[in-house]
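Colleague: I have just opened this one and would like a careful walk through it. Could you take me around, starting with some single residues and then moving to the chain as a whole?

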Amino acid sequence: MAISYRSTRDHHATPFSASQAVLQGLSPDGGLFVPDHLPQLNLELMDLPKLTYQELALKILQPFFSDYTATELQECIAKAYGDNFTSPQITPVKFTDELAYLELFHGPTIAFKDLALQLLPHLLQLAAQKNQTALKTVILTATSGDTGKAAMAGFADVKDTQIIVFYPKDGVSEVQEKQMRSQTGANTHVVAITGNFDDAQTKVKEIFDDPNMILALRQQGYQFSSANSINIGRLFPQMVYYFYAYGQMLKAGKITAGQAVNFSVPTGNFGDILAGWYAKKLGLPIKKLLCASNENNVLTDFFASGIYDRKRPFHVTTSPSMDILVSSNLERLLFYTLDQDAAKTAQLMNQLSTRGVYTLDAELIAKLQAEFFADFATIDQTATEIKRVFEKEAYPLDPHTAVGSFVARQYQLKTDDLTPMIVVSTASPYKFPEAVLDALDKRQEATGLAALEQLQQVIAQPYPQTIAELFTAPLLHDLTCDPKDMKKLVFKLVEQN
């Protein structure tokens, strides 16, 4: 039976096809799209080591994008995962004495967002054709550092598309900022806001939900869509690398088919770890998903107490892509935890929006704790983990991966669980050179490009192409605005094109 999509907040809404959900991004009622059922995959675990990443992606994604033909989806996948990745494996696993690290940073922007955002533009273009829309598309996205660059790289110069990215001015690394501000493409726009990521994300959602804004855009010949992980075209492609990592563990003889593994996932907006949860529901033998946070540990407290409280200090850390207090994709997990009760989900999301807090009862949080473990790392603990792993293994971690690595070891110490552990490595250390150099006691007050040069000398690894290009790339974007002016600026940018 073909999968259709419904909202987490409205049980009675007309179902959407996959292409409609990709095109729409966010449900009209403000909820997130979820599949009406989960498929049975025609996939044997023992066959995983034999499949290429592209072959595996087709097998896993076909049921979720059922109104795309197999040929169409295969062509999209071939375009998304090719020479634009520096590893033929796309997401190789690095084995150390202690842990396995699933490297998701071999794409064009050296961060895990590439795995979905190299595919999404192709899915979106086909979706527009399938739904015979004459409207052009405005991709509107808030980023805490990585989504913005990866989205712009994926959508640059894509026909009939404008992409507008908002990021917190003082909440990303210098390398992340230069990557975004040097992005080419006549249809790309990046704007710094004088606020934090949650300010940007909240305002973007308000714009999506504003019927007057939607009508005004339609009169200009445009419709909104999203490149954030709220879009199913972002979320479900991330399931693939969990299965692919399991296949590499089998191939390396680290596990046997059917043996359980754990994944430790650096977590901000909850999309990456939710993809792992979906992979588990599809039959991947995952015992525990470790939700690894930085000092913005709202999720750690939630999984411990059942209380989600965003009314807390916001910390700017060395792992900026996780500097988030409102984890949007948690709504999908909440929906399933509530036995797919859309009304109850909507009620709790309204409480979060109006009061800044909601609470689950003990029975519900116990259901979550059976599948998830949550902990966090401070800035100092993150730095210590970077140094420890590099000195022991000669393997450099970026700060986000270091958070995942630290939480993985904490889990093992607290539980004595010896289940094979895979840490999801979400970015290259070259994305955050200052933080890595500081952790290794090697920085000499260098920032930006100078820090990159120092880091290259320390870790003795070639620059990825995207980093090498930064040394000569001109800055092409210089817009800044207050969060309250984002709506006005979006309309102005659209009018200009």
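Colleague: Where is Asp-160 found?

Modeller: This is a predicted model, and in it Asp-160 is found in the loop that runs between helix H6 (146-155) and strand S6 (161-168).

Colleague: And what is phi like there, positive or negative?

Modeller: Phi of Asp-160 is near 60°, which is a positive value in a residue other than glycine.

Colleague: Why does Asp-160 count as partly exposed?

Modeller: Asp-160 counts as partly exposed because its relative accessibility is 39%, and that class lies between the cut-offs of 20% and 50%.

Colleague: What about Glu-445, what is its phi?

Modeller: Glu-445 has a positive phi of about 65° although it is not a glycine. Glu-445 sits in the loop between helix H19 (433-439) and helix H20 (448-459), and it counts as exposed because its relative accessibility is 76%.

Colleague: How far is Ala-394 from Phe-263, in sequence and in space?

Modeller: In sequence Ala-394 and Phe-263 are 131 residues apart, while in space they are 22 Å apart, going from C-alpha to C-alpha.

Colleague: Now Gln-183: is that residue buried or exposed?

Modeller: Gln-183 is buried, with a relative accessible area of 6%, although it is found in a loop, the one between helix H7 (174-181) and strand S7 (188-193).

Colleague: Which residues is Gln-183 in contact with?

Modeller: Leaving aside its neighbours within four places in sequence, Gln-183 is in contact with Lys-149, Met-152, Ala-153, Ala-156, Thr-188, Leu-476 and His-477.

Colleague: Can you give me a residue in a strand as well?

Modeller: Ala-292 lies in strand S10, which covers residues 286-293, and it is buried, with a relative accessible area of 0%.

Colleague: What does Ala-292 touch?

Modeller: Not counting residues up to four places away in sequence, Ala-292 touches several residues, among them Ser-264, Val-265, Pro-266, Thr-267, Asp-375, Val-403, Gly-404 and Val-407.

Colleague: Let's zoom out. How many helices and strands does the chain have?

Modeller: The chain has 22 helices and 15 strands, and its C-alpha atoms fill a box of roughly 60 × 50 × 45 Å, taken along the principal axes.

Colleague: Why does the radius of gyration agree with a compact globule?

Modeller: A compact globule of 497 residues would have a radius of gyration near 23 Å, and the chain has 21 Å, so the two agree.

Colleague: Last topic: which domains does UniProt list?

Modeller: An unreviewed UniProt entry annotates residues 5-81 as "domain: Threonine synthase N-terminal", and over that span the chain is 35% helix and 8% strand. The unreviewed entry also places "domain: Tryptophan synthase beta chain-like PALP" at residues 102-325, a span that is 40% helix and 20% strand, with its end C-alpha atoms 26 Å apart.

Terms used. Residues are numbered from 1 along each chain as its sequence is written. This is a predicted model: local features need pLDDT of at least 70, side-chain atom pairs count only at pLDDT 80 or more; totals for chains, interfaces and linings use all residues. Side-chain values use heavy atoms; hydrogens and water are left out. Helices (H or I, at least four residues) and strands (E, at least two) are DSSP runs, numbered from the N terminus. The radius of gyration is taken over C-alpha atoms; the globule rule is 2.2 Å times the number of residues to the power 0.38. UniProt positions are given in the numbering used here, feature names are shortened, and annotations may be inferred rather than shown by experiment. Buried means under 20% relative accessible area, exposed over 50%, partly exposed in between (1.4 Å probe, protein chains only). Contact means heavy atoms within 4.5 Å.
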